[in-house]
Amino acid sequence: MKLKDGVGDRIKEKLKLLKTRAGHRKLISDLLFPSREKEKARQIAGRYADDLDRKIKELESLIRSLRSHIDYIGDPDKFVAAYLLIGKAYTSLKAVTTLVRQGYSFQIVEIVRSSMESLHLAALFLEEGQEKLLQQWFGGEIIGNSTAREVLNAAVNQMNQEIGKEPLPMKEALSDVYSIYSSYTHSGYAALFDFIDVFKEDFDFEQYSQFHYNRKYFHLIDNLYTNILLGLKNFYIRAKDEENLAKVEVLLKDEGGSFASPEEIGKELGRYF
């Protein structure tokens, strides 16, 4: 079953729990309970943000090193496009640390979605044969994320075919995840539950609910960080930059992400020489 297929059921479940008034009864019996829970969540968020700041600091030199593969920042070149798009995702990740500390869970999801779209576009433009779309983008046209998903799906499955692996339904999987993100961008009812204070049964002015959901979205932030690393890996492979590629692989290995052996890196680099 696709993620989007269960949205209606999740709404019904949340409404059912809300109507039990368990949160409101807890507030009546213990007026300080919401504040204590919020403080616990704030401390957890702070520790997570501190660790994220450390990772971001490690990323900075790798982001800056992309510039060495560009002649002029105003050139309509695929490496310029990827540099700007990956850089945008990187600065968004920096902004997310502030949102985590302040408990703005809804906005975290919106920024993560936008950043993932940027990374998909960077991967699209780095693919061979995408010069027309690249020039359209530099001309001011918006390249829809569905286009990026189609091209990436074809590229990944072509690579899988070449090495004898089974095809992956990458387009379908990305579209399914994208539909969930869209609920936040387009203010779907299911997403707006982040703004319901179950204690006071009101809009979440005190951010009790948002700090609660904050923790539930840490995995989305982790995924964005890993995808920035994968974007850097893709860039450095195509730029034939073995030194920085090796540094990216170290960070990916720390994340338990998609990393390769020195032999595999050499084989992949060989495609671009």
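Tyrosine 72 is placed in the loop between helix H3 (33-65) and helix H4 (78-102); helices (H or I, at least four residues) and strands (E, at least two) are DSSP runs, numbered from the N terminus. This is a predicted model, in which local features need pLDDT of at least 70 and side-chain atom pairs count only at pLDDT 80 or more, while totals for chains, interfaces and linings use all residues. Residues are numbered from 1 along each chain as its sequence is written, and side-chain values use heavy atoms, with hydrogens and water left out.

Tyrosine 72 counts as exposed because its relative accessibility is 51%; exposed means over 50% relative accessible area, buried under 20%, and partly exposed in between (1.4 Å probe, protein chains only). Together with Ile73 and Leu84, Tyr72 forms a nonpolar patch on the surface, with about 290 Å² of accessible area for the three together. Patches are made of residues with over 30% relative accessible area and no salt bridge, nonpolar side chains (Val, Leu, Ile, Met, Phe, Trp, Tyr) being joined within 5 Å and like charges within 9 Å. A salt bridge is a side-chain nitrogen of Lys or Arg within 4 Å of a carboxyl oxygen of Asp or Glu. The areas come from the Shrake-Rupley method with a 1.4 Å probe, and for residues only the protein chains shown count as cover.

The protein chain has 12 helices and 2 strands. Of its 273 residues, 44% are buried.

Most residues other than glycine have a negative phi.

Isoleucine 143 lies in the loop between helix H6 (131-138) and helix H7 (145-162). With a relative accessibility of 8%, isoleucine 143 counts as buried. Its C-alpha atom is separated by 7.9 Å from that of leucine 121, 22 residues apart along the chain.

Helix H5 (residues 105-126) and helix H10 (residues 218-238) pack with their axes 10 Å apart, at an angle of about 15°. H5 is therefore roughly parallel to H10, a term for angles under 35 degrees. Axes are lines fitted to C-alpha atoms, for helices over the stretch in contact, and angles run from 0 to 180 degrees between N-to-C directions. The crossing of H5 past H10 is left-handed, that is, the near helix is turned anticlockwise from the far one by less than a right angle.

Key
Angles under 35 degrees count as roughly parallel, over 145 as roughly antiparallel, 65 to 115 as roughly perpendicular and the rest as oblique.
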